[in-house]
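Here is a short briefing on a protein model. Look it over before reading the points.

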Amino acid sequence: MKNSIIEVKKLTKKFGDFTAVNNISFSVTKGEIFGFLGPNGAGKTTSIKMLTTLLHPTSGTILLDGHDTVTAKNSVRESFGIVFQDQSLDDELTAAENMEFHGVLYKVPSALRKQRTEELLKIVELWDRRNDLVKQFSGGMKRRLEIARGLLHHPKILFLDEPTVGLDPQTRNHIWNYILNLNKKEKVTVFFTTHYMEEADRVASKVTIVDHGKIIAQGTPAELKKKSKTKTLEDAFIKLTGKSLRDEDASDIESLRNQKKMWRR
Amino acid sequence: MGPIYIMWLRQLKRYSRSRARMIGSLGQPLIFLLAFGFGFGHIYEKAGNGDYLQFLAPGVISMAVLFTAVFSGIELIWDRQFGFLKETLVAPVSRLNIMIGRTLGGATVAMLQGTIVLIISLLFGFRPDFQSILISLLFMFLIALLFTALGTALASQLNDMQSFPLIMNFLVMPLFFFSGAIFPLKGVTPILTIVASCNPLAYGVDGLRASFGGDSFYGMGMDFLVLGLFSAFFVALGSYLFSKIEI
Ligand SMILES: Nc1ncnc2c1ncn2[C@@H]1O[C@H](COP(=O)(O)OP(=O)(O)OP(=O)(O)O)[C@@H](O)[C@H]1O
Ligand SMILES: [Mg+2]
């Protein structure tokens, strides 16, 4: 497809005998807000790691903005930004220093860096805490900083792996508004995962549901609701993926996050 | 230049904020200066070798540089565990530059630590020849660079800190003890000379000692050549392994 900015063909990832991502193909159109949904352990994060050059696919190809993620890693890395599912801050640096570090790595000009750092840290309400070490932050504050950092440079594609987990509704709202605005103004393509179905319903222009490493449904939220004859995306999701719990499948990342949540209490 | 500088700066900030680490890593050199310097000093002098402290101090300075450098490299494992590594790995900066920045940062920290130990040994009575201090700094830098790169290369292959004691006891300690840092290589059994000649740190210690006005075993030119080649090799190896990291 001509207008697609992400092109995934027959992507597979195996960890030993276990197939985490099983021969999936899909494409994302430029400017789309693409929701990549699925139960715990479905293979979302593994897919994002392959899309963002952190993992080698076992087989299949990925084109990001026309560049192959295996053979043209550097060009691919020029084209995206990412908010990871699990922690990725330097605890020994301050919030401002983490932003600064990111801005320099992503070659954001100094003046713009300062302007956006202030703007973003205000949105996530960390401006007053900018000179505090990150290790003194709560889990939610760290998450907010990670999102602000991910938005500091304006990439062509923005990957968000469960960006809003553990955040209060106000912050979630502010952050999504900022992202939607970015999408509208700068045509940034957004590829996100979430377990909050009402969030996906609200923001996604297209949704793909994966389960056990395979794609089981694709379409706009409205189409999926219509197809499964349900009122909400949540009901559609449950209908499509079944009612069984995925605890046994929960990735280590997930269990880590649960631990983190416990700490936060 | 930007990314290399910011990686370098980060290593320095982390170091300067961790007083415990700074002071903690001075413990070992202090013990060596005290226990060996004053414990063995008179035996060494009776054997007609001159003042032991003058001989020992460059060895202990090298040790401080070695330990700090390996540790700076190994810190990569923490970055992996605490997730920060991902942030640098997906950045649109060649991994070579990331590696260079981090290695230079680690090496700078190791040199600072070496300089602190130099000052401490001056307090203990070490009286070096400061005429060629620039050459001394160069040797310290090469030792620092080599072992930061070695630490990074090792860390790139490890997922957690479980193998850290292994590395300390079976790599770093032997490197130190078989380098001629605490005893002269002249006149020891041939097997020890052979072992030392395969040990890059031996050339570092020897070169540093010579630059401070002590006796050289290999000759300063040879020290520089071998140490330089080893450093280049490990920086290249570290960069290669770092570029292959998956998460
Ligand atoms: N490094 C790894 N080694 C072995 N198995 C792995 C590895 N990483 C992920 N897996 C497995 O692959 C499967 C998919 O994991 P992944 O993290 O992609 O799930 P996910 O869809 O992101 O789930 P969640 O919603 O919990 O984040 C899980 O069963 C997980 O245990
Ligand atoms: Mg995940």
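This is a predicted model: local features need pLDDT of at least 70, side-chain atom pairs count only at pLDDT 80 or more; totals for chains, interfaces and linings use all residues.

Side-chain values use heavy atoms, without hydrogens and water.

**Interface of chains A and B**
- 24 residues of chain B are in contact with 32 residues of chain A (heavy atoms within 4.5 Å).
- The two chains bury about 2500 Å² between them, 59% of it on carbon and sulfur atoms (accessible area lost on being put together, 1.4 Å probe, summed over both).
- In chain B, Glu87(B), Val90(B) and Pro92(B) lose the most area to chain A, together 27% of what that side buries.

- Six salt bridges are counted between chain B and chain A (a side-chain nitrogen of Lys or Arg within 4 Å of a carboxyl oxygen of Asp or Glu).
- Glu97(A) and Arg17(B) meet through their side chains in a salt bridge, 2.7 Å from N to O.
- H1(B) gives the largest share of the side of chain B that touches chain A, eight residues (helices are DSSP runs of H or I, at least four residues; strands are runs of E, at least two; both are numbered from the N terminus).

**Helix H9 of chain A**
- The buried residues of H9(A), residues 233-241, are Leu233(A), Ala236(A), Phe237(A) and Thr241(A) (under 20% relative accessible area, 1.4 Å probe, protein chains only).
- They lie on the same side of H9(A), because they cover an arc of only 110° around the axis (taken from the directions from the helix axis to the C-beta atoms).
- Gly242(A) follows H9(A), with a positive phi near 85°.

Note on methods. Residues are numbered from 1 along each chain as its sequence is written. Chains are lettered from A and ligands numbered from 1 in the order in which they are written. Buried means under 20% relative accessible area, exposed over 50%, partly exposed in between (1.4 Å probe, protein chains only).
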